[in-house]
Amino acid sequence: MRVLVTGGAGFIGSHVVDALRARGHEAVVYDVREDRGADVRDPWAVARALDGVDAVCHQAAMVGLGDGVADAAEYVSRNDLGTAVLLAAMAGAGVRRLVLAGSMVVYGEGRYTCREHGPARPGPREAGDLAAGRFEPRCPVCGGELAPGLVGEDAPADPRNVYATTKLAQEHLAAAWARSTGGTAVSLRYHNVYGPRMPRDTPYAGVASFFRSALARGEAPRVFEDGRQRRDFVHVRDVAAANLAALQACPPTGALTAYNTGSGEPHTVGELARALAAACGGPEPVVTGEYRLGDVRHITADSTRLRTDLDWKPEVSFAEGMREFASEG
Ligand SMILES: NC(=O)c1ccc[n+]([C@@H]2O[C@H](COP(=O)([O-])OP(=O)(O)OC[C@H]3O[C@@H](n4cnc5c(N)ncnc54)[C@H](O)[C@@H]3O)[C@@H](O)[C@H]2O)c1
Ligand SMILES: [Zn+2]
């Protein structure tokens, strides 16, 4: 199989390229980082790159939480205009198979249950609550405590920031493309991906990278809120394997199929900081109570569908992955 990997010089894309080549497939890297002419927004360059391609694995995007709305146009340009240009070129070239790097950010504030009112969907947390250290979202009906649960693919979309909005729009565009071309589209909604080659020291890097950089400077990792926010940390090699499984699967034509892509084993951000601090020989993390508006409190996936449909399972445990990640620093 010859696969065009957009963003193939990036963190996750480069592991997808490795995984494809390890299985004897041909991976064509398409990434502005490697070649300034390889921009997904350039229709002619994309059309040339699609020559002889069987499938596209679309990883290229501007990532991170961003800066409110100041960089909204750049996110929309790279992520949504870029996807639209790519899809139009695929339609023109007769390439019918797409795997998209989706994201759990499309779900917003996860899934909760109120003891009295059942399933609940709390709105964005108020700055006032966060400043006062009230981090847990409350039941919209009674204001009572909520128990966080696992998010399924059928959970309603609820993007809470510009980046999340562009990741959701990518899926909608891909679904429209699949309908009109009879193609197959799979969106792998990644959770928090970590591992070798994770970007470091950029405002867009993930939390594991921030913690590791602090530890490398001999500083304590600074844990926001109270450290009890839950995430699903999934290793980049497992994510690459999920991409391979999706590229080889036979998903329904004319539609987009979404798969949560997580380890299935939620951990708190505090646990992450402690695991990395232990692996680096300290110092111990400090919990600062700081917060970022737009961050969600808990977001953990139910990745059962990916396991059943695509016969995928994560191979790298949290403990093992974090030890390796710490030592790479
Ligand atoms: N890292 C995570 O935890 C995570 C979680 C959910 C989803 N994702 C998604 O996974 C994908 C890969 O993310 P990553 O973490 O590897 O980030 P990354 O920044 O390392 O990789 C993205 C790559 O895309 C390239 N790129 C950006 N704009 C481009 C353009 N217009 N044309 C061509 N190439 C372009 C960049 O040069 C970069 O190499 C993204 O779509 C991201 O939204 C990542
Ligand atoms: Zn309630």
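This is a predicted model: local features need pLDDT of at least 70, side-chain atom pairs count only at pLDDT 80 or more; totals for chains, interfaces and linings use all residues.

Trainee: How many of the 10 residues of α6 are buried?

Mentor: Buried means under 20% relative accessible area. The buried residues of α6 are A208, S209, F211, R212, S213, A214 and L215. The helix is therefore mostly covered, and the number of buried residues among its 10 is 7.

Trainee: Which residue just after α6 takes a positive phi?

Mentor: Helix α6 covers residues 207-216. Just after the helix, phi is about 80° at G218.

Trainee: Which residue pairs with E219 in a salt bridge, and at what distance?

Mentor: Side chains of opposite charge can pair when their charged atoms come close. The salt bridge of E219 is made with R217, N to O, at 3.2 Å.

Trainee: Where does R197 lie, and what is its phi?

Mentor: R197 is in the loop between β9 and α6. R197 is a residue other than glycine, yet its phi is positive, near 75°.

Trainee: Is R197 buried, exposed or partly exposed?

Mentor: The limits are under 20% for buried and over 50% for exposed. The relative accessibility of R197 is 42%, so R197 counts as partly exposed.

Trainee: Which residue meets R197 in a salt bridge?

Mentor: The two side chains meet at 2.7 Å, N to O. The pair links distant parts of the chain, 179 residues apart, with the partner of R197 in helix α1 (residues 11-22). The partner of R197 is D18.

Trainee: E74 and R78 also meet in a salt bridge. How many residues apart are E74 and R78?

Mentor: Their side chains come to 2.8 Å, N to O. E74 counts as partly exposed at 33%, and R78 is partly exposed at 32%. An α-helix has 3.6 residues a turn, so residues three or four places apart point the same way. E74 and R78 both lie in helix α3 (residues 72-93), about one turn apart, and the separation is 4 residues.

Trainee: What is the count of salt bridges?

Mentor: The rule needs a side-chain nitrogen of Lys or Arg within 4 Å of a carboxyl oxygen of Asp or Glu. Some of the residues form a network: E109, R125, E136, E225, D226, R228 and R297 are linked by salt bridges. The count of salt bridges by this rule is 22.

Trainee: E225 is in that network. Is E225 buried or exposed?

Mentor: E225 lies in the loop between β10 and β11. Its phi is near 50°, a positive value in a residue other than glycine. The relative accessibility of E225 is 3%, so E225 counts as buried.

Trainee: R231 has no salt bridge. Which side chain of opposite charge is nearest to R231?

Mentor: R231 is found in strand β11 (residues 230-231) and is buried. The nearest side chain of opposite charge is 5.1 Å away, whereas a salt bridge needs the atoms within 4 Å. The residue that carries this side chain is D295.

Trainee: Which backbone oxygen does the side chain of R231 reach?

Mentor: Not counting residues up to four places away in sequence, R231 touches several residues, including N192, H267, R297 and T300. The side chain of R231 reaches a backbone oxygen at 2.7 Å, and that oxygen belongs to V296.

Trainee: Which peptide bond is cis?

Mentor: The proline concerned lies in the loop between α8 and β15 (286-287). Omega is near -5°, and the cis bond runs from G282 to P283.

Trainee: What is the radius of gyration of the protein?

Mentor: The protein has 10 helices and 15 strands, and its C-alpha atoms fill a box of roughly 55 × 45 × 40 Å along the principal axes. Of its 329 residues, 52% count as buried. A compact globule with 329 residues would have a radius of gyration near 20 Å; the value for the protein agrees, at 20 Å.

Notes
Residues are numbered from 1 along each chain as its sequence is written. Chains are lettered from A and ligands numbered from 1 in the order in which they are written. Side-chain values use heavy atoms; hydrogens and water are left out. Helices (H or I, at least four residues) and strands (E, at least two) are DSSP runs, numbered from the N terminus. Buried means under 20% relative accessible area, exposed over 50%, partly exposed in between (1.4 Å probe, protein chains only). Lys and Arg count as positive and Asp and Glu as negative; His and the chain ends are not counted. A polar contact is a pair of N or O atoms within 3.5 Å; within protein, one must be able to donate a hydrogen and the other to accept it, and residues adjacent in sequence count only if both atoms are side-chain atoms. Contact means heavy atoms within 4.5 Å. The radius of gyration is taken over C-alpha atoms; the globule rule is 2.2 Å times the number of residues to the power 0.38.
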